[in-house]
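I opened my notebook for a browse through this one. Here is what I looked up, entry by entry.

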Amino acid sequence: MASGERFDTRAVEEYSDWEQGDVVTPIHLSSTYRMPGIDPEMSLEDVDPDAGEFLYGRLSNPTRHAVEKQLADLENGEMGFAFASGTAAIATAIFAVVEEGDHIIAFDDLYAGTRRMLEQLFEARLGFDVTFVDAREPAHVAEAITDDTSLLWMETPTNPMIHLCDIGAISQIAAENDAILGVDNTFATPYFQKPLELGADVVAHSTTKYMNGHSDGVGGALVTDDPHMAESIEFNQQVGLGNQMPPFDAYLLSRGLKTMGVRMRQHQENTMELAQYLDDHDCVTDVYYPGLESHPQSELASEQMDGYSGVLSFELTGDIEAAQRFLNTIETMNLAVSLGGVETLVNHPATMTHEPLGEKRRAELGITDSLLRISVGIEDIRDLKDDFERGFQALETATTP
Ligand SMILES: *Cc1c(COP(=O)(O)O)cnc(C)c1O
């Protein structure tokens with residue numbers, strides 16, 4: 001069990017508790033466990049993984065249990081849960097809160113998959129009332145509250161527009177109206193932002209991103225301090241939906257979490273330098289990064305975050321052809337969806353991550369055809385800048401007659 005005080009120390013501590021004295025969490029693949037005998041006095045609910053008791057792999061697994069403790073600890077929360085994907089984690093959190101007839105308020109610039117889940121599953125199929133608001137202004141959240149509002153679902157910073165919302169202010173609105181506040185902390189990570197400490201009731205992650213950190217595992221997590229929420233999440237995870245993280249992915253996640261501090265520091269250092277370089281470049285009209293003073297919410301960012309993480313977006317001068325020319329020229333960076341890995345990924349939201357939203361919704365959100373999102377890796381920043389120069393030169397030669 002973790003005893004270190006600070007993030008980097010706690011991250012490398014061992015969270016499983018085996019007699020062999022392993023210094024890393026072993027991968028337990030067994031789907032079922034031998035019982036010592038039958039006990040008419042004992043309820044299956046009393047099986048306690050913390051006491052080394054396991055019954056069946058869907059209910060609990062030693063590798064998953066260790067990483068769940070590690071996740072909770074790094075978010076400074078009480079109870080952690082690991083899922084097959086970020087999407088599974090988010091769906092489980094929503095199912096843990098809502099009841100028939102409930103109203104949900106969500107940030108209008110959510111991860112595109114979460115927005116589709118809310119619209120196409122919770123609203124269209126299951127009949128929940130969902131309102132999307134520009135939550136950069138907490139007043140917009142307060143105005144949308146109804147008697148039936150049970151859940152506020154936020155994300156900060158969002159992508160690709162890098163909008164922020166004030167977790168503290170929105171948590172007050174939630175508390176005053178008996179609603180649960182869920183915050184997707186995938187982009188900031190607990191290294192830079194701790195939503196539970198700012199007043200959120202539950203924190204969600206796509207661990208596929210920074211938490212695993214090496215682009216080799218899809219997974220998700222929830223962390224909460226609220227025992228009712230935890231009970232409901234646990235029921236859904238084990239019984240209702242059965243969407244747990246498999247042991248091998250739990251092992252990779254645990255391994256990734258150990259280097260999270262070092263990785264995040266390098267991601268942020270590279271991103272800051274790149275943001276400044278892009279901000280000064282003639283081929284770029286706008287740069288969106290909360291670490292830049294020009295970001296309209298830079299003050300909120302410095303108040304609620306300890307750093308600005310590793311994702312920025314920028315607007316190329318030109319149109320879709322300019323974006324194509326740039327993307328055909330780069331060599332070091334990878335043109336790929338996803339983010340948070342050690343390697344730099346470039347995403348063209350209009351044709352990739354945000355294509356399913358449709359042209360109209362993209363225009364409302366400000367996602368143009370020349371917008372690019374960069375998940376800045378931990379490579380040598382000089383090589384990344386050289387790659388950008390190559391791309392920009394291709395634009396300049398194309399525009400000079
Ligand atoms: C990727 C992502 C998700 C979805 O996670 P999956 O692991 O792909 O299911 C949710 N929220 C955010 C912010 C993400 O970046």
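**Helix H3**

I began with the buried residues of H3, which are Gly86, Ala88, Ala89, Ile90, Ala91, Thr92, Ala93, Ile94, Ala96 and Val97. Buried here means under 20% relative accessible area, exposed over 50% and partly exposed in between, with a 1.4 Å probe and protein chains only. Helices (H or I, at least four residues) and strands (E, at least two) are DSSP runs, numbered from the N terminus. Since 10 of the 12 residues of H3 are buried, I noted this helix as largely enclosed by the rest of the structure. H3 covers residues 86-97 and reaches 17 Å from its first C-alpha to its last, close to the 16 Å expected at 1.5 Å a residue. The expected span is 1.5 Å times one less than the number of residues.

**Ground rules**

I kept in mind that this is a predicted model, where local features need pLDDT of at least 70 and side-chain atom pairs count only at pLDDT 80 or more, while totals for chains, interfaces and linings use all residues. Residues are numbered from 1 along each chain as its sequence is written, and side-chain values use heavy atoms, with hydrogens and water left out.

**Aromatic rings**

Next I counted aromatic pairs, and the structure holds 15. Rings of Phe, Tyr and Trp (its six-membered ring) pair if their centres lie within 6.5 Å; planes under 30 degrees apart count as stacked, over 60 as edge-to-face and the rest as tilted. Tyr33 and Phe54 make a tilted pair, because their ring centres are 5.6 Å apart and their planes meet at 40°. Both Tyr33 and Phe54 sit in the loop between helix H1 (7-12) and helix H2 (62-74), 21 residues apart, and the pair links distant parts of the chain. Tyr33 is buried at 17% relative accessibility, and Phe54 is buried at 11%.

I then turned to Phe326 and Phe392, a tilted pair with 5.4 Å centre to centre and 40° between the planes. Which residues form one aromatic cluster? I found Tyr277, Phe314, Phe326, Phe388 and Phe392.

Tyr277 came up again among the buried residues of H11, a list including Met260, His267 and Leu278. H11 (residues 260-279) has 20 residues and spans 28 Å, close to the 28 Å expected.

Most residues other than glycine have a negative phi, and most peptide bonds are trans. I looked for departures. A cis peptide bond joins Thr156 and Pro157, with omega about -5°. The bond from Asn159 to Pro160 is cis as well, with omega near 5°. Pro157 lies in the loop between strand S4 (149-155) and helix H6 (167-176), and Pro160 is found in the loop between S4 and H6.

Ser215 is not a glycine, yet has a positive phi of about 55°. I placed Ser215 in the loop between strand S6 (202-206) and strand S7 (220-224), where it counts as partly exposed at 44% relative accessibility. Ser309 has a positive phi near 65° and lies in the loop between helix H12 (298-304) and strand S9 (311-316). Is Ser309 buried or exposed? At 2% relative accessibility, Ser309 counts as buried.
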